[in-house]
Amino acid sequence: MAVRDVPGPQPEVFTRAVAALRSARLRADVVLTEVPAPARISPYAAAMTADVLSGEDELATGRFVLLHDPDGQEAWQGTFRVVSFVRAELEAEMGPDPMLGQVGWTWLTDALDAVGAGHRAAGGTVTRVLSESFGALADRPPGIDIEIRASWTPTGDDLAAHLRGWAELLCTSAGLPPLPAGVASLHHRAR
């Protein structure tokens, strides 16, 4: 997980949080890449992107950012904040479903709850994007994407659970079935 360089030592609680995220075991379908963390949002930040791949096909993509402000921020209701983004192509018949936004948000909350990732002050948007091609690209069929932008304040000390829950949201958005209870992914790929 790419951590923004800040002068001076990092708080131990942030260092432990980043180590927990780096050690999280995710499904083999999820490929993580460390990326530069955003500046100016909080004193300390770490970030990664993830793709859900099936062979050469990208089924979903996203970004996971962990923010830390030792003084806390009122809107966060804590000292840590997760900011995330997920984008996946959906089947065309799902596009006009009036419940798509609610379903997308439920995917997030269910994924966090399923891994025991306690949270508060959650907020976000679920957007459907219709893409139509014209001109030289007119032979492409229309596409429907879902975009889930969300942030929440983790409760408890298991920050790796939040990454696992977010990765499950990514897989659900990609259309992958959940792993059966008691079945673990055999390996975790990172770039």
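I searched the whole structure, a predicted model, for aromatic pairs and found two. I counted rings of Phe, Tyr and Trp (its six-membered ring) as a pair if their centres lie within 6.5 Å, with planes under 30 degrees apart called stacked, over 60 edge-to-face and the rest tilted.

Helices (H or I, at least four residues) and strands (E, at least two) are DSSP runs, numbered from the N terminus. I noted both F14 and Y44 as buried, where buried means under 20% relative accessible area, exposed over 50% and partly exposed in between (1.4 Å probe, protein chains only).

I then took F64 and W166, whose ring centres are 5.5 Å apart with planes at 55°, so this pair is tilted. F64 lies in strand β4 (residues 57–73) and W166 in helix α3 (residues 159–173), so the pair ties together parts 102 residues apart in sequence. F64 and W166 are buried.

Back in α1, I listed F14, A17, V18 and L21 as buried. They cover an arc of only 95° around the axis (taken from the directions from the helix axis to the C-beta atoms), which puts them on the same side of α1. On the face turned away from that buried side I found the exposed residues E12 and S23.

Residues are numbered from 1 along each chain as its sequence is written. Local features need pLDDT of at least 70, side-chain atom pairs count only at pLDDT 80 or more, totals for chains, interfaces and linings use all residues, and side-chain values use heavy atoms, with hydrogens and water left out.
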